[in-house]
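Colleague: Could you take me through one part of this model at close range? I would like to hear about the ligand site and what surrounds it.

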Amino acid sequence: MTIPFSFRLEAPDFIPSYYDTHIKRTLSAMQGQFLDQNAYDRMRAEDDTLLYEVYEIHRPEVPGELSHGISIVHPGRVGAEYAMTKGHFHRVLDTSEIYHCLKGHGFMVMESPEGEWAVEELSPGTVLYVLPCWAHRSVNVGAGEDLVTFFAYPGHAGHDYGTIEARGFRKLVLDRNGAPAIVDNPRWVKAASS
Ligand code: 6PG
Ligand code: NI
């Protein structure tokens, strides 16, 4: 698009009327990221379940542009752990992101490079500002409903998945007696202090 453009997001699924890429993340893309590895292996042996989808509208990867789109995390659990995205820092670390929750119930688990953590609840109408340098992961705690968010971030930000794959997030969201609980990740690895 070389002229200003618009598209529609409409209930019930909020799939953009225009998008460039449609990413589908399945269980196999989340190898090693769920706490209960046995539960993961059992589920994986049965089916490579679709966990979440991203519809993205691409813009030139330059600071003055904003990439944007829709993230849909489908409901479910692996063991006691709720369905979640991989989570990432932006490759250009000091870049922020805005999320607007359109549907569902969830949490955004966030973490700074130094290991500070923050968890914000998401429900329709929530607007979340993810500060520069904070990694972010969407978690769907809703029973049977998709967690849908609209997101926008600087065009040049990029994604660093490796750091989170290596050290995990400090906090996890697990089901405890039918309700979401934010717990310490026993496998979390504190970043080596520089
Ligand atoms: C981004 C956004 C967002 C995110 C999706 C999927 O930087 O592109 O944070 O679009 O990519 O919610 O999550 P993962 O990128 O962690 O798989
Ligand atoms: Ni991001």
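Modeller: Happy to! A way in is Y55, which lies in strand β2. Please keep in mind that this is a predicted model. Y55 counts as buried because its relative accessibility is 6%, with under 20% as the cut-off for that word. For some orientation, Y55 and T85 are 30 residues apart in sequence, and their C-alpha atoms are 14 Å apart in space.

Strand β2 also takes us to the ligand. It gives the most to the shell around ligand 1, namely three residues. Along with β2 (50-57), the strands β6 (97-103) and β11 (147-154) each supply at least two residues of that shell. There are 17 residues around ligand 1, and those that come nearest are Y52, E97, Y99, H159 and Y161.

In the side chain of Y52, an N or O atom is 2.4 Å from an oxygen atom of ligand 1. The side chain of H159 has an N or O atom 2.7 Å from a ligand 1 oxygen, and for the side chain of R25 the corresponding distance to an oxygen atom of the ligand is 3.5 Å. Taken alone, ligand 1 exposes 400 Å², and the protein buries 97% of that. As for where all this happens, ligand 1 sits in the largest pocket.

Conventions:
Residues are numbered from 1 along each chain as its sequence is written. Chains are lettered from A and ligands numbered from 1 in the order in which they are written. This is a predicted model: local features need pLDDT of at least 70, side-chain atom pairs count only at pLDDT 80 or more; totals for chains, interfaces and linings use all residues. Side-chain values use heavy atoms; hydrogens and water are left out. A residue is near a molecule or strand if one of its heavy atoms lies within 4 Å of it. A polar contact is a pair of N or O atoms within 3.5 Å; within protein, one must be able to donate a hydrogen and the other to accept it, and residues adjacent in sequence count only if both atoms are side-chain atoms. Accessible areas come from the Shrake-Rupley method with a 1.4 Å probe; for residues, only the protein chains shown count as cover. On a 1 Å grid over the protein atoms alone, a cavity is a set of points where a 1.4 Å probe fits but cannot get out, and a pocket is an open set with protein on both sides within 12 Å along at least five of seven lines; lining residues have an atom within 4 Å of a point. A molecule sits in a cavity or pocket if more than half of its atoms lie within 2 Å of its grid points. Helices (H or I, at least four residues) and strands (E, at least two) are DSSP runs, numbered from the N terminus. Buried means under 20% relative accessible area, exposed over 50%, partly exposed in between (1.4 Å probe, protein chains only).
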